[in-house]
Amino acid sequence: MTYLRRLGRAVTDVDWAPVSLVAALRCGALVTVLLAVGVADDEVAPLIAAAIGILFVCVVDPPGPEGRRIRTMAWFTVWTTLAALVGGLAADTFAVHLVVGVLVAALAGYGGAAGPSGQIIGMLSLVVFAIFSGTPVAMDAAVGDALLYGAGALVGGIVIALPGIAGRARGPRGAFTRLARGLGHARVLDPLSAGAAVHATREREFLEAVAADRPTPEVAIWFDTLAAAAHRARLGTLGLAV
């Protein structure tokens, strides 16, 4: 396989395994309903901050056990709400805006050391800061916008997490679905690419979801059999990609 061919595949191949159409529709419906209420009451502007919070918490929702998802969305809500508040308060003075922006960018960069979730939380915190610092506002308006944003992110996180909490076996089922669907994508990847390593992490993600679900011994054996079969299949698909 030539370098250009590997590069072309890396750019054009999309891993659809972690994509959840239902979750996307749920978030879209929540934002639509919120803004529709604002249009009906002729009060759209105050709800835009809440809509941004809902939208971004949907973006940050990670695959994996429910406990990890809830912790990630909770930390995301805290840090990005602070970023919205700081952005609104710093927007009035250019010099303050510049200095605080550099500090926020540095903190967001260091957030990447916490792992993949820290990376996306840091990145979106910087984005939220940029959004809310774009227009100078009064102090009380900055506080109000940050509270609306945080409330939107909190409500969005609750709506996202509730179906998973209600469905006890959703964690292992969802993790195995992502693992199995990703095998087709792994088949066309360069075994040495970063994308191939993602599928290996999904095996661990599935086992973590099983452990968090605390299945009965009989069900645990069944899950272990699925994990072993998926591991062999993944190695086989990597062999086909060589």
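The structure is a predicted model. The protein has 10 helices and zero strands, and 36% of its 242 residues count as buried.

**Disulfide**

- The bond joins C27 and C58, whose sulfur atoms lie 2.0 Å apart.
- C27 belongs to helix α2 (residues 21–40) and C58 to helix α3 (residues 45–60), so the pair ties together parts that are 31 residues apart in sequence.
- The torsion about the S-S bond of C27 and C58 is about -105 degrees, so this disulfide is left-handed.
- Both C27 and C58 are buried.
- In general, a disulfide is a covalent bond between the sulfur atoms of two cysteines.

**Overall make-up**

- Read from the N terminus, the elements of the protein follow the order α-α-α-α-α-α-α-α-α-α.
- Among contacts in the protein with a separation of 6 or more, 74% are between residues 24 or more positions apart.
- The protein exposes about 13500 Å², and carbon and sulfur atoms supply 72% of that area.

- W75, V78, W79 and L82 make up a nonpolar patch on the surface, and together they have about 430 Å² of accessible area.
- W75, one of these patch residues, is in helix α4, which spans residues 66–90.
- The relative accessible area of W75 is 51%; because the cut-off for exposed is over 50%, W75 counts as exposed.

- T77 is placed in helix α4, and its relative accessibility of 14% makes it buried.
- Apart from residues up to four places away in sequence, T77 touches V57, G150, A153 and L154.
- T80 is also a residue of helix α4, and it counts as buried at 0% relative accessibility.
- The side chain of T80 has a polar contact of 2.9 Å with the side chain of Y149.
- With neighbours within four places in sequence left aside, the contacts of T80 are L124, S125, V128 and Y149.

**Helix α3: F56**

- F56 lies in helix α3, the helix that also holds C58.
- With a relative accessible area of 13%, F56 is buried.
- Beyond residues up to four places away in sequence, F56 touches F76, L124, V127, V128, I131 and Y149.
- L124, V128 and Y149 are contacts of F56, and they are also among the contacts of T80.
- The C-alpha atoms of F56 and G157 are 9.8 Å apart in space, while the two residues are 101 apart in sequence.

**Helix α7: A153**

- A153 sits in helix α7 (residues 139–166) and counts as buried, its relative accessibility being 1%.
- Setting aside neighbours within four places in sequence, A153 is in contact with G53, I54, V57 and T77.
- V57 is in contact with A153 and is also touched by T77.
- A153 and A49 are separated by 104 residues in sequence and by 9.5 Å in space, C-alpha to C-alpha.

- I120 is a residue of helix α6.
- At 25% relative accessibility, I120 is partly exposed, because buried would require a value under 20%.
- A130 counts as partly exposed at 48% relative accessibility, because exposed would require over 50%.
- The C-alpha atoms of A130 and G88 are separated by 9.3 Å, and the two residues are 42 apart along the chain.

Key:
Residues numbered from 1 in each chain as written. Predicted model: local features only at pLDDT ≥ 70, side-chain atom pairs only at ≥ 80, totals over all residues. Heavy atoms only, no water. Patch = residues over 30% accessible without salt bridge, like charges linked within 9 Å, V, L, I, M, F, W, Y side chains within 5 Å. Areas by Shrake-Rupley, 256 points an atom, 1.4 Å probe, with all protein chains shown as cover. Salt bridge = Lys/Arg side-chain N within 4 Å of Asp/Glu carboxyl O. Helix = DSSP H or I, 4+ residues; strand = E, 2+ residues; numbered from the N terminus. Buried < 20%, exposed > 50% of the residue type's maximum accessible area, 1.4 Å probe, protein only. Polar contact = N/O pair within 3.5 Å; in protein donor to acceptor, adjacent residues only side chain to side chain. Contact = heavy atoms within 4.5 Å. Disulfide = S-S within 2.5 Å.
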